[in-house]
Amino acid sequence: MRLACLRDADGVRNFFSIDDDATARKLSRPPWEGIDVAGEPRPWDPADLAAPVCPTKVVCIGRNYAAHARELGNDVPSEPLLFLKPPSSIIGPRERVLLPPQSSRVEHEAELGVVISRRATDVSREDALSYVLGYTVVCDVTARDLQRKDVQFTRGKGFDTFCPVGPWIETELDPSRVRVRCSVNGEVRQDGTTEHMIFDVPTLIAAITSVMTLEPGDLIATGTPEGVGPLVDGDSVEVSVEGIGALPFSVALRRPG
Ligand code: MG
């Protein structure tokens, strides 16, 4: 099942179950409050897609692929490395990532996203996937120079627009072996597989919920494979996860005011 958020002509967002390329049916409430298909089939337009999540927090995993840890000169972690992106950084498909004047090196990180279905505290690895609503595509946009300069990640990962998410939530996916890709202006930059994650999705959910409660609708960004690289003004980017779909966005300069 594909669960998408669509904007109507007045900019109001509603959740829909996507039947196919032509029709979708409205949900009575956000899917993490329970999937209830209430509407009749109606036409939909990919141009109306909005970010399919509005989480209380975005929990991210650093260095979850050995080849990516190495490309940045980092050791492979012995336990999941957690950090947060603010929900204010989220944008939807076809929106613009804005390059802030404080940074001269902003990079793409293509990632599998996990959306939580119910409150999760101290969840075991065995039970973890029963707390998953579905999966989506995330780009963990990063001001690499500021991440290095600040030591911790809040500024480098937290700018407005630094978290493109979409195009929808796919509820039927085995997250253990799917390709994660990023292309910039049609050139493939990242092409990895979740098989190479150091810590798999159940392990991540167990680790996160041993620290903080995950709420319905919360989003986990599971780390990026190797091939991260710079984004510049005018770039056209597409991040995709096999079995989910493609998340396109563009890049522009952030202008004060
Ligand atoms: Mg990342």
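I looked up Phe 159 first: this residue is buried, at 10% relative accessible area. Buried means under 20% relative accessible area, exposed means over 50%, and partly exposed lies in between (1.4 Å probe, protein chains only). Phe 162 is buried too, with 0% relative accessibility.

I noted that the model is predicted, so local features need pLDDT of at least 70 and side-chain atom pairs pLDDT 80 or more, while totals for chains, interfaces and linings use all residues. Residues count from 1 along each chain as its sequence is written, and side-chain values use heavy atoms, without hydrogens and water.

Next, the rings. I paired rings of Phe, Tyr and Trp (its six-membered ring) with centres within 6.5 Å; planes under 30 degrees apart are stacked, over 60 edge-to-face, the rest tilted. That rule gives four aromatic pairs. In one of them, Phe 15 and Trp 32, the centres are 5.2 Å apart and the planes at 80 degrees, so I wrote down edge-to-face. Phe 15 and Trp 32 are both buried. Phe 159 and Phe 162 also pair: their centres lie 5.2 Å apart, and 55 degrees between the planes makes the pair tilted.

Glu 109 and Glu 111 are buried.
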